[in-house]
Amino acid sequence: MQDHEIAKAIELLSQDQVVGMPTETVYGLAARVDRPAGIENIFKTKERPFFDPLIVHVSDQTQLGNVVSSFSNMARSLAEKFWPGPLTMVLPKNAKLNPMITAGLETVGVRMPSHPTALELIRGVGVPLAAPSANKFGKTSPTTAAHVREEFKKENVFVLEGGESQIGIESTVLLVKESGGKNILSILRKGHVLKSDIEIYLKSKSIPFEFMDVVDKKESPGHLKHHYMPSVPFILCTDPAKAESELKKIINERLAELPEEIEEIKIVKPHGAVQKIEKLILAEEPLLAARSFYSQLRELAARKPDCILLYKLPSHSSERWESLYDRINKAASLVIK
Ligand code: TXA
Ligand code: MG
């Protein structure tokens with residue numbers, strides 16, 4: 001990374017501009033946590049509703065001071081193992097942190113990315129950066145600098161070059177709580193760090209914990225039914241034996257019945273009957289499949305087919321595939337069984 005590129009990004013951030021930042025998961029759209037106008041710019045640029053909280057990125061743990069109100073032993077242990085890396089911990093928020101970042105919640109999502117350019121940028125700024133994925137709200141996440149430039153062409157967003165994001169899907173979001181003297185953990189969003197990775201590690205350290213499903217919707221905002229959607233309809237078919245001709249018929253019937261919008265996300269529908277279909281073929285290995293999924297979605301959508309089709313294979317069933325299929329299900333306008 002050229003020093004002058006980093007210097008330019010630092011300067012823009014100090015002027016309340018948003019900057020495209022590479023991370024190992026997906027590219028982020030960053031602003032300084034201490035610049036309210038910059039934070040507001042993230043929401044404006046992404047066209048993101050204010051109920052959806054942002055993730056705060058730090059380059060070292062000394063930066064957590066004005067972000068969280070406490071960093072429990074559990075959080076410390078998890079950070080020791082999984083930071084820098086694709087684990088976001090949701091922790092009690094510091095009173096000094098701008099409430100717009102946390103959408104008014106009492107908690108804040110925080111992670112230390114492992115991408116060297118992200119770390120260099122945050123270190124250079126000297127203040128944590130809030131950054132959601134650098135895509136318009138509800139759309140496909142970016143895994144290259146070119147994706148971000150294309151997404152925000154009109155807004156002319158400056159993007160730091162950081163190559164292809166190696167993980168390719170967003171971080172695992174883990175709620176870390178203490179209740180009745182117990183460490184309670186809840187996975188709010190699946191990602192590269194698996195529940196089993198966390199379990200194996202904590203057991204190896206003899207740290208007591210309990211996993212609990214989140215029942216209170218307020219604890220898990222921003223988890224809408226649809227997300228990551230490409231610009232043409234994306235169809236998931238979970239029956240690999242279904243022929244394409246039969247599928248076309250079902251797709252046409254079912255797409256016509258879809259609403260225009262679900263939970264503020266516009267559902268992508270075709271203009272006429274579906275003829276031209278582009279098939280998305282995932283890599284056989286789940287980590288590689290995740291790395292290239294968003295990129296494949298963008299490339300296929302750019303060919304302007306009537307829809308993109310993905311068959312779920314029976315082999316796509318281990319825990320490793322779950323985080324990718326979480327994204328696939330949300331990106332799909334339609335799931336055909
Ligand atoms: O890998 C990633 O996490 C990427 C890169 C750029 O770091 N960022 C990312 O941000 O995916 P975004 O805004 O696309 O997703 C953030 C999600 C929110 O939609 C919400 O679901 C969850 O993280 N989140 C953030 N703060 C939270 C909080 N205080 N409580 C519950 N969930 C929170
Ligand atoms: Mg996102």
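## Exposure and the predicted model

A residue counts as exposed when its relative accessible area is over 50%, as buried when that area is under 20%, and as partly exposed in between. Asparagine 156 has a relative accessible area of 66% and is therefore exposed. The structure described here is a predicted model.

Asparagine 156 belongs to the loop that lies between helix H5 (145-151) and strand S7 (158-159). Its backbone has a phi near 55°, which is a positive value in a residue other than glycine. Alanine 103 also has a positive phi, near 50°, and this residue too is not glycine. Alanine 103 is located in the loop between S4 and strand S5 (107-111). With a relative accessible area of 25%, alanine 103 is classed as partly exposed.

## Two buried residues

Glutamine 63 sits in the loop that joins strand S3 (55-57) and helix H3 (73-82). Its relative accessibility is 12%, so glutamine 63 counts as buried.

Leucine 87 is part of strand S4 (residues 87-92). Because its relative accessibility is 0%, leucine 87 is also counted as buried. Apart from neighbours within four places in sequence, leucine 87 is in contact with Leu78, Phe82, Val110, Arg111, Ser171, Thr172, Leu174, Val193 and Ile198. Lysine 154 is 67 residues away from leucine 87 along the chain, and the C-alpha atoms of the two are separated by 32 Å.

Arginine 76 lies in helix H3. This residue is partly exposed, as its relative accessible area is 41%. A polar atom of the arginine 76 side chain is 3.0 Å from the backbone oxygen of phenylalanine 71. Neighbours within four places in sequence aside, arginine 76 is in contact with Gln61 and Phe71. Arginine 76 and alanine 37 are 39 residues apart in sequence, and their C-alpha atoms are 31 Å apart in space.

In the loop between H3 and S4 lies proline 84. The peptide bond leading from tryptophan 83 to proline 84 is cis, and its omega is near -10°.

## Packing of helices

Two packed helices are described by the angle between their axes and by the distance between those axes. How are H3 and H6 placed relative to each other, roughly parallel or roughly perpendicular? The axes of H3 and helix H6 (residues 195-204) cross at roughly 110° and come within 11 Å. H3 and H6 are therefore roughly perpendicular to each other, and the crossing is right-handed. On the side of H3 the contact is made by Met74, Ser77, Leu78, Glu80, Lys81 and Phe82, and on the side of H6 by Asp197, Ile198, Tyr201 and Leu202. Sorted by class, this contact of H3 with H6 holds 6 nonpolar, 1 polar and 3 charged residues. Two of the residues named for H3, Leu78 and Phe82, and one named for H6, Ile198, are also contacts of leucine 87.

Helix H1 (residues 3-14) packs with helix H4 (residues 116-125) at an angle of about 50°, and their axes are 10 Å apart. H1 and H4 are therefore oblique to each other, and H1 passes H4 in a right-handed crossing. In this pair, Asp3, Ile6, Ala9, Ile10 and Leu13 of H1 meet Thr117, Glu120, Leu121, Gly124 and Val125 of H4. The residues in the contact of H1 with H4 comprise 6 nonpolar, 2 polar and 2 charged.

Helix H8 (residues 286-302) and helix H9 (residues 319-331) have axes that come within 9 Å and cross at roughly 20°. This angle makes H8 roughly parallel to H9. The crossing in which H8 passes H9 is left-handed.

From H8, the residues Pro286, Leu287, Ala289, Ala290, Phe293, Tyr294 and Leu297 meet Arg320, Trp321, Leu324, Arg327, Ile328 and Ala331 in H9. By class, the contact of H8 with H9 consists of 11 nonpolar, no polar and 2 charged residues.

Key: Residues are numbered from 1 along each chain as its sequence is written. Chains are lettered from A and ligands numbered from 1 in the order in which they are written. This is a predicted model: local features need pLDDT of at least 70, side-chain atom pairs count only at pLDDT 80 or more; totals for chains, interfaces and linings use all residues. Side-chain values use heavy atoms; hydrogens and water are left out. Helices (H or I, at least four residues) and strands (E, at least two) are DSSP runs, numbered from the N terminus. Buried means under 20% relative accessible area, exposed over 50%, partly exposed in between (1.4 Å probe, protein chains only). Axes are lines fitted to C-alpha atoms, for helices over the stretch in contact, and angles run from 0 to 180 degrees between N-to-C directions. Angles under 35 degrees count as roughly parallel, over 145 as roughly antiparallel, 65 to 115 as roughly perpendicular and the rest as oblique. A crossing is left-handed if the near helix is turned anticlockwise from the far one by less than a right angle, and right-handed if clockwise. Contact means heavy atoms within 4.5 Å. Ala, Val, Leu, Ile, Met, Phe, Trp, Tyr, Cys and Pro count as nonpolar, Asp, Glu, Lys and Arg as charged, and the others, Gly among them, as polar. A polar contact is a pair of N or O atoms within 3.5 Å; within protein, one must be able to donate a hydrogen and the other to accept it, and residues adjacent in sequence count only if both atoms are side-chain atoms.
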